[in-house]
Amino acid sequence: MKKLAIIGTGYVGLVTGVCLAHVGYHVTCIDIDLGRIKKLSNGQCPIYEPELEKLMKLNMEKGNLEFTSTLTSGIQEAEAIFIAVGTPQRTDGSAELKFIQKAVFDIGMTIRHDLTVIVKSTVPVGTCDMVKRTFETLQPSRQIHVVSNPEFLREGSAINDMFYGDRIVIGADHREASIMAEAIYAPFSVPIFCTDVRTAELIKYSSNAFLATKISFINEISTICDKLGANIEDVAMGMGMDKRIGEQFLKAGIGYGGSCFPKDTQALVQMADQLNEDFHLLKSVIQVNQKQRGVLVEKAVERFGSLKGKRVAVLGLSFKPDTDDLRESPALTIIDKLLAEEADVVAFDPAAQYHTINTLKIPRAETIETALKEADLAMIVTEWKEFVNLPLSTFKRWMKSPVIFDGRNCYPITNARNEGIEYHSIGRASTFSTPMNNKDFAIKE
Ligand code: UDX
């Protein structure tokens, strides 16, 4: 059985390791975080990702998957080592590469056989060349190939994306390295696209930047819909029927978050700056996204005049449903804005018990009901199915006054209107009519 090693057991490393074990490789996952390795070795999955813990335990029982904090034992006999460590955003927007450099140094100081190193972390263009040069310095007599293999996994559907994604990208500057990497992915029925290393690194950033662009575009159109009285969902539907546009990633809301889009868009702008290229479009995408995060609070302030002392129930903390990840979540920005308005804020999130970071300055309700109890208004920030499936009548039963500001357009407007609920959403008519939003829109002559 071919032995593989993976350095880094975050979302990408752990999902990749479990899935590679599931198709028959012997995979050793390595991490410097002793506590994390201990949890993993006990069959506990440290992240909230549907189906991951079950698949992890299954492959541990089969003997295909193990975890260790010692790199030396972990990488011996490995034919390929995946580097899947974090590349967090630095304050100037560029990618922090110190974890990559440490992994590369540790491999270079430890390895005693020729092998292929596969960089799966999202890294600026040129990083794999730096990795290659490091190995040439540390192990001049060894044949260590370096391959770029960016991931396209979405949190919440990462396993599905691993087995049924649209493509696997392999960037290699030697044919044998490309053949090795392609062979590893042979058991997955996913099209493989091969190119050179730098191009593969850029495909990752370009893909995420384009998806973020689609989101900011539809969010700007939603603002126009608000003013025109048009319906953003129908606009998106009508656009998406054009195969050249595509219907996905045209869902208006309060902006994108997560550990990827915010970081990768900034990093690409940085890369362009270093090339003396001003990436105007992407800078606008980032600005639109920041602005979109404020839309719900602006609507609420416009509606109430002031939110001071108002009890606001924030439903959803993670940046998207089916994940516990709060990184760059719009909820964090919205909570800060509500506190700045001196509102009385409480939050509920179905994955809250997984949340490791507890920097929230507000109480968290154990249930939706306790969050909504006596609330003057509710803000839906993440479209968890627990909210989408909640009958609107419960808002009437639990809240002091059933006023909803929905940042993810979870409910049909007609349902809110029929329930007699005051319902504000994104790019769609409000069920609350005031003289302000009844003004006729006159196209200026
Ligand atoms: C993203 C990319 O999709 C994935 O290919 C890459 O490997 C990692 O980054 P992820 O960040 O996990 O995946 O989630 P995704 O489903 O892409 O959503 C990102 C953000 O965009 C979320 O905050 C989501 O709410 C938002 N979004 C997504 C929208 O606002 N509108 C949409 O139509 C789609």
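Before you click, know that the model is predicted: local features need pLDDT of at least 70, side-chain atom pairs count only at pLDDT 80 or more, and totals for chains, interfaces and linings use all residues. Residues are numbered from 1 along each chain as its sequence is written, and side-chain values use heavy atoms, with hydrogens and water left out.

**Stop one: strand E12.** Select residues 403-406, which form E12 (strands are DSSP runs of at least two residues and helices, H or I, of at least four, numbered from the N terminus). In a regular strand the side chains alternate between the two faces of the sheet. Here Val403 and Phe405 sit on one side, Ile404 and Asp406 on the other, and all are buried (under 20% relative accessible area, 1.4 Å probe, protein chains only).

**Stop two: the neighbours.** Look for methionine 379, whose bridge partner in E12 is phenylalanine 405. Now show residues 422-424: this is E13, parallel to E12 and joined to it by three bridges. Tyrosine 423 of E13 stands opposite isoleucine 404.

**Stop three: the ligand.** Select the ligand and the 18 residues around it, of which Leu153, Glu155, Lys204, Lys251 and Lys320 come nearest (a heavy atom within 4 Å counts as near). Which helix gives the most to this shell? Helix H9, residues 197-228, with three residues. Finish at arginine 408, where a side-chain N or O atom is 3.3 Å from an oxygen atom of the ligand.

Methods: Buried means under 20% relative accessible area, exposed over 50%, partly exposed in between (1.4 Å probe, protein chains only). Two strands pair if DSSP finds at least two bridges between them. A polar contact is a pair of N or O atoms within 3.5 Å; within protein, one must be able to donate a hydrogen and the other to accept it, and residues adjacent in sequence count only if both atoms are side-chain atoms.
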